[in-house]
Structure formats: structure tokens, C-alpha cells
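Look at the structure first.

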Amino acid sequence: MYIGIDVGGTYTDGVLIDGSKVIKSVKIETENNLSISVQQVLAKLLLNQENKNISRVVLSTTLITNMLAGIKKPPVGMLLLPGPGTNPRSQNFCSDYILLKGAVDYRGRIIEEIDFGEVDNAVKYFLDKSITSLVVACKFSQRNPFLENRIEHYIKERYPQVDVAPSNRTSGLLNWIRRANGTAFTLFVKNEYDKFMQRFEETIAEHEINCPVYILKADGGTLPLEIARQYPLESIFSGPAASTFGALATTQQDITGIMLDIGGTTTDIGLILNGIPLMAERGIYVNGYLVPVRALALSSLALGGDSAITHKNGQLGIAPRKGKACYLGGDSLTFTDILVYLEKSKLSSHPKIELALKEISKNIGRTAENIAEEILNQFIARIDEKIEEMFLRWEEEPAYRIFQIISGQETRPQTIICLGGPAQSIGSILAQKRNWRIIVPQHAEIANAIGAALAKTTLKMDVLIDTEQGRYSTNLPGLSGALSSRLLTLDEAKTFALEMFKGKCAEWKLVTADKELEDIEIIYEEGFNIVRNWQTNGKIFQIGLQIKPGLVNLLNEGTDAIE
Amino acid sequence: MQLNKTGLIFFPAFDWSISPTHPEREERLLYTRDQIFEEGIPDSSYIREYKPRLAAKEDIRRVHFCVPDVEDQTTEAHLISAGSALKLGDALMKNEIANGFVMARPPGHHAMRVVHGNRGFCNTNNEAILVEYLRRKYGLKRIAIVDTDVHHGDGTQDIFYHDPDVLCISLHQDGRTIFPGTGFVHETGGPGAYLKNINIPLPPGTGDKGFLRVWREIIKPVLTKFDPQLIINSAGQDNHFTDPLASMRVSAQAYGKLTEELQPDIAVLEGGYAIETALPYVNLAILLAMAKQDYSKVIEPQFEPAAVKQDEGITLYIDDLIRYWQDALSEDVPSKEDLFGEGKVYQRKKSIYYDTDGIRENQQETVQYCPECPGLYQVSSTARDQVGRGTSIWGLSIPLFVCDRCLEKGYKMWEQAIKEGKEQKTFAYYYLQDKKNDNYLKE
């Protein structure tokens, strides 16, 4: 049996799945202490459960999002080695930094040496400000980590009180700003994240569960807990990934459509194309800063079922909630109340709803019905805007190869998979308003936990091999080095890359059976002749490999499609 | 929307080359890609990245007589390279961006109006395709093209030689010392477009100083006077001091400076074959300058002041060149009628060599004088490859801003030509390019 838990901002959802059937599901309000929410959900799921033959536990958590909420500038110092190029002073780094000498070029050649006197001064500058966590980031450190690692060792030897991390071990992505920011955020969250993981392991042990435990990543893949502990940032925004994979698990494996997940305070919109969610390959924003975390491409709307109805100068609007909803006996007229009033919701009505609507009605001189309809239309219009944004993003995804452009754009899908609390209501409204296919799957309200439970382990690796420099590098943290053998042909390079990929899978325990290795696919392969003075001096190979994101299992309970 | 952004299409065509060791090969933009991505350029708040698209065949026919047809002269890569220019042109005209850099390959500025094959690594002229597209779709008229590639932009010159509304300026290494061997000061445009073609042939060894001086003292005043609605920069990068095919001494800094001052609306990558030592830095400097960002730290690792210093003799020569152009441009321009001369017909014979494909083309151009419009343009052309195989074609081009009389006359000529062609089979193919009605025919 599988367990999936999604700790969201408002609710924590849990699900117990046997093969392809939901045995039990739990939804509770999320506590301030997330560890307690996890404990509660797990306890409820396993209560009176005789068969405790659990083979897989996957946790998706909003912990990192919470930890970073409101953190404008993590108390981390950066030692930056920019080399030639853009002015780092105009770049968006998330922490204070000192610029140092030392540079590497795109081939991994050292083109400027380090000045260790500068390093000493920089460390002292940060120590004077009581900053003891330092990032070292050098452009092209994934092509050659030598300078970053030299500085790391130098600081470790002389300043044992300093926690120093080189950017090449956070990510090998070709984007030093993202690597630097990612490393800074990682340094900031890693201790607390580690403690949380420790408590989670203990909770699992208390329930005598003895199976692989995974953490859901932002791209919808999973990592074994002990590996995930080293890369806390990877788990950020895993909630929408859980929902997206939930949409897949509860519909069809090869579905194409918009994923619309309406939560309490936010609505997430994603795109699934033939069963593959659209990715933000380069990474995402955290608090306005770019980080190298590969994630699903999502559009988020700060509106949900709990959003409050406002009116100002006769203008109606929807804003974040302040107080308890009317249908629950509170005084805050929410979007859900509007759905209840319009009889679009299965929730039972409450006199407070009409009272609140009458109040507005009096103020702005329009009927309650009229007001409710407009609010509904506003909400739908905001969703439509985000859907359009999503389509544009998909259509304007940059492409660097001829075949990507020739294969052309598919037509925009006209299917919406509605998830979350108000899924049923919004689904039927959307179905009335347009001629699209609207799917509200069974278990729509806990599809996120289902997605977490069933998400596959995945890995994507971009390898660059430079035979003239005798080096290889990848997008994965810390994975680069010298070539031990000469690779002459693309086939030899592919074999090399594949072996490396399999090695990483083994190290990270991503595959448990040889059969899964068959899922590895090569997504691109290119060989470039390095020609100097009309002679071929070696080759550069670019190879991309991945285990596609996907599901370990599908639910077979069928779907309710509202047409 | 986001008016201050610079649009970028980066299309390295990692799956296209002329041949494995040819300078125009897959590797060409590899290190530029590395530099631009590592710098986080596509993420920057001042950049909007676009996805390339294919140009339509009509877009090509609006400019070229492709022999025998568009599909014979273009690969998908060519259509994407041209389409990338059109995409940013659209973005610019829709005010989505302040300006744009088409960093795509293959290049195009050696492709002339008649295309029998590849010359100077080019088949189709991206800038010309962009100009005609923008004029047709958005009603623009006066457009300037400033070609800063080290090679004379002879294709662009050829296409707009008789167009008074397109100002073509090319600065380049003197044609006596480098391909294509043209681009001299006396090539000033046809009689209907006199001084709408300006060539600035620079001596080998010209450095940053000379490069920027001719910009400031020749090109800038000409541009100001012409007052274009749009400026396109053919942003070749082979004036760089490390370029293996040329002999100039220009740095990324000077390219940045020129771009900053020129303020092109659209820059289109042309040549530049120092793919490691120049392209990553020059491309970045141009892009940053377009986005009004600081490019002062884009310094090549090989850079030293001596690398861009020009000899005293070169400085003196450039002084003379500047004086020549300042004099020529201040003289009174004779009337169009006088320039056409007695017969009221301009005729020119031209021999064109296609270096990549080893083709020799001989052509004769005829432009008819019209007081109302640029006049009808005819070309007959015969091309032979090294073993003597070849094709002869005839083409008639009706300009976009044609007068009614010439338009009518043009169609009569076309009817007549194809009638004669059917009887006498003088030419293998007949082409009609009616830019006014966007009508392109082939017989």
C-alpha cells in the first residue's frame, strides 16, 4: 500500500492507496507546527488499519515555502567571482556579496587566478557583520569547480566557524545567479529542514513503517528522504506538483488538459500535455529571486474558496479572507458563500450569507443575485486570464533546435481538470459557460495527496563533454570532472553519459528494479566538431537523459466527467 | 506592455551546418549560448525571449527570385532564421519590446535578389525579408540598414540598390583585401536612389578608434538626415581583433559603444567566426547595449590595448575617407531625371561569384525611369557551376511604392515576357514580383 501526504498552507491531506484504489483519505487543517500535522494525518490514516503492509510513503510539504515566507534577504554572505561579462551589481542576488578576482571561461579554462588576500578580507567583512554562512559562486563553476572548491577549502581551514558552500554543489545549471541564490537559500533553511526530516523519520518509525520514504520535488519527481535532506530547496512548491500528478492519476495517463486546483487561498493552474506536465526547465522564483530548482510551470492566482468579497466605491472585488466564512456562521462573505447562495455548492446554506449580501446590496444599490453573479464572473475571468497566460507560456517556450520548431505547435487543449474543495461547483459552472470538456475526477478534493502517493522518482541530467579540455560537466550538483578515457564518437559519449546517469540513480536510490532503468530516455544528443585553423581538435558532446516524470500506478475508479 | 524590454531570439541551430568543418557550423553559437545562459540573460528583467518561427514562402518571394524556387534555396534553418527576424519585427511593431536582437543563424547579408545558390554562407537575406515584411504589414516606408559586418553587405546593397526609401550603409574591410571584393565608395545606389547606398571600406588593421570615428562622422549624420522610421543593424562581429577570416582590430567594447549610440530597433546577427574569442563577448556586449545595460565589464580575456590599436597610417587614411564622404554628402544631388540620362533607362551588367557553391552568375539589370515612382526593375540572369551546368532566368520586380501607370505597364510586360518565353524559350523560368499587391508569380 502507498501513503501520500500533502502538507499545504490551509489543509493537510493524506491518502492510503491499495494498488489502484483509495482505501482511506484524511483532510485536516494544517497546524503551525507542520510536524504535528504530519503525525496527525499519519495516525488517522493508519487508525484501525489492519493491513499495515506499506510499501511506499511520499511526503509533500510547504515547510520551505513557510520558512522563506517574508525572508527578503537570507543572512548569508556571497563571495562572487564574476569574470568578464555583465555587471554583477545590476544582477538580482538575494544576499550581500563581495566581488573577487578569479575567473573560469565557458570551456572551464581558468582565465584569472584567485587573490587570497581578497578572500580573507571578504570573510572578515561578513564575520564583522556576524554572518557565518557563506556562498562561493564563480561563473562556469560547473565546467570547472576548481576555483570555487579552492576557496571553500581555504575558508574551511582558516575560519572553522564559517559554514561555506560552493555553488557547483547546489546545481550544475548554466546560470550562476540561480546557483548563487539557490545556495544561499539552501544554507539558510538546511538546519531546520534537517530537523523536520529527523522528526518525520521518527514519526515513520513510531508507526513501524519500514519501507522507502520519499520527498516530493517541485518537478513532481521524488527523492529518497536521506538524499532530499541534502537538497532542501528541491521540495519547495511541491504542493501544486502533487495536485498536477493527482490530476493525472485520477484521469488518464496520457491526458491533455489544464489542471485547475482551487484551494482555500490560492488557485494553481498547470498544463498537462499527453500526460507530461509542462516544466519550468530553468527553475523558479523564490521571494522574487531566481533559483535553479526545476519545477512545473504554473500560474498561481491569489484567490480561492476562502477569498472574501469586497466592495469599494460601488466596485465589487475579491480579496484575501479576513475572518470566518458566512456559511460556517462567520461574518466574512467568501467566494464559497457565493457558490452556496447560487446553489452551485453542495454545502448547506446559512442565513448569514443573505444578510451579508443584503448589506452590500444596500450599499451599492444592486440586487443580491446580481452581485453574486458578478463575483462569479470576476472569479472566472481571473482564471481565464491565468489560463491564457499558461497557453502563451507554452507557445513561447524558447526552442533552440530546428526539429522543435518544425514539429510545430499543437492546438490549445480544451479540457479542464478541476481539483480542490470547490472543484465540483466551478467545474459545472465552467461546463455551462463554454464548450470545453470539464473533468471533475473522483477524489478531486484530495487529488494532491493521491499525486504525492503515486509520483515516480525522476531524474534529468544534461551532460556536456569536452574532449579537447578532457572534461565533463552536468546540471547535477557536484557532478563534473576529468574524462578518464578518450571519447571519439557520439555513441561512446552516450554510453559514458548513460553509465554516469545509472550511477547517479544507484547513488540516489532512484531505481529499485532493473526494469526501471529501461525507462531512461535520451532526450537530445549532439556532437560538435571543435574546429581551429580548419582542423578538428576534438569534440563537444551534449547529451540529455531522463527518467520521465510519471506515476507508479493509476487509479482505476473511473472519472466523473461533467459535459 | 513592457516597453523597456529588449526582445531576444536565440536560435543557434545546433542541428544545421554547411559542412562539418565549415565556419558556418553547429558549433558557432555554442559558446555564446554558454555565456548568455550562464549570465542568466534570458531571465533578466530587461530581456524578453521569443520562440523562433518559420518564415512563409511569400516572405521570401517578396525579396528574392529563388531559382528555381524557394524550397530549392532554403532549408528549414533558413526559414527559421528569417522567421526569427519577422517574429521580433512583429513584437517591435506591437510595442511588446523596445528593440530586439535576432541572434540566429544561418546569416543572410550576402544573399542578393536573384538566388542561384549559397554565397558568403548566405542563401536568403534576413534583413531584406524583414524590411519588406514590415513595410507590407505595417505600412512603414523609410528604413535604414547599417551593416557592421567586416564583409561588404553586398546582398542587401543589391536588393535595395534602386529603392530610395531604404538607406543601406555598410562599413567593412576594404573589398580589395577580403570577400566579396565589392563595397567601394562609388557604389552609391541606382539613379532613382542616389546616395541611398553608402559604403565605407576600411583598411585592414582598423581598430576601435577608426571603427567608432566613421560611425560618428559619416554614418550618424547620414542617418540623421535620412530620418528613418526604423533602423536595422546587420550585426556581423568579424571586425573583431581575433576573427580568423578578417584583419581588423575591433573589440567587444567598441561594438557595444557603436550599438549604444546607433540604437538599432532590430539587430540581426550576421558573420563572426571567432566563435570562442569574440562571439560570446561581442554578442553579449551588443545585447547589453541594446538593453541599455552596463557592458563595460564585457572584456575579452585576450584583450589588451595593443590589440585594438591602429597604425598612424591607417588613422590618416580614415581621416581622408571621412573627408571624402563629408564632401560627397554635402554636394548638391543631381535630379533623378539627369541621373537616368538620355535614354531614361538604367542598365547594368554584373558578374557575381557564389563562393560556397562555386557558381558564376552573369546578369543584366534594367530600371526604367519614372518621375512618379522608383520604376520597374528587370533582371536577366544566367548562372553556371564549375562544370557548366546552369540556368537562365528573367525577373520583373514591381516596387512597393509603384505608380498606377508603371503597375499597369508591369503586368503588360509580364504578359508579353511569358508569351515570348513560351515561343522562344529564352529563359528557363520567368518571375514576377509585385510588391504592391503582394503577388508573386513564376512561369
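Between chain B and chain A, 24 residue pairs are in polar contact, both at pLDDT 80 or more. A polar contact is a pair of N or O atoms within 3.5 Å; within protein, one must be able to donate a hydrogen and the other to accept it, and residues adjacent in sequence count only if both atoms are side-chain atoms. This is a predicted model: local features need pLDDT of at least 70, side-chain atom pairs count only at pLDDT 80 or more, and totals for chains, interfaces and linings use all residues. Residues are numbered from 1 along each chain as its sequence is written, chains are lettered from A and ligands numbered from 1 in the order written, and side-chain values use heavy atoms, without hydrogens and water.

**Interface**
- Helix 1 (30–38) of chain B is one of the elements that touch chain A; helix 1 gives the most, with 7 residues. Helices (H or I, at least four residues) and strands (E, at least two) are DSSP runs, numbered from the N terminus.
- Chain B and chain A share 7 salt bridges (Lys or Arg side-chain nitrogen within 4 Å of an Asp or Glu carboxyl oxygen).
- One salt bridge joins the side chains of Glu276(B) and Arg109(A), at 2.6 Å, N to O.

**Backbone**
- The peptide bond from Val67(B) to Pro68(B) is cis, with omega near -10 degrees. Pro68(B) sits in the loop between strand 3 (65–66) and helix 3 (70–73) of chain B.
- The peptide bond from Phe179(B) to Pro180(B) is also cis, with omega near 0 degrees.
- Asn313(A) has a positive phi of about 50 degrees. Asn313(A) lies in the loop between strand 21 (308–312) and strand 22 (315–319) of chain A.
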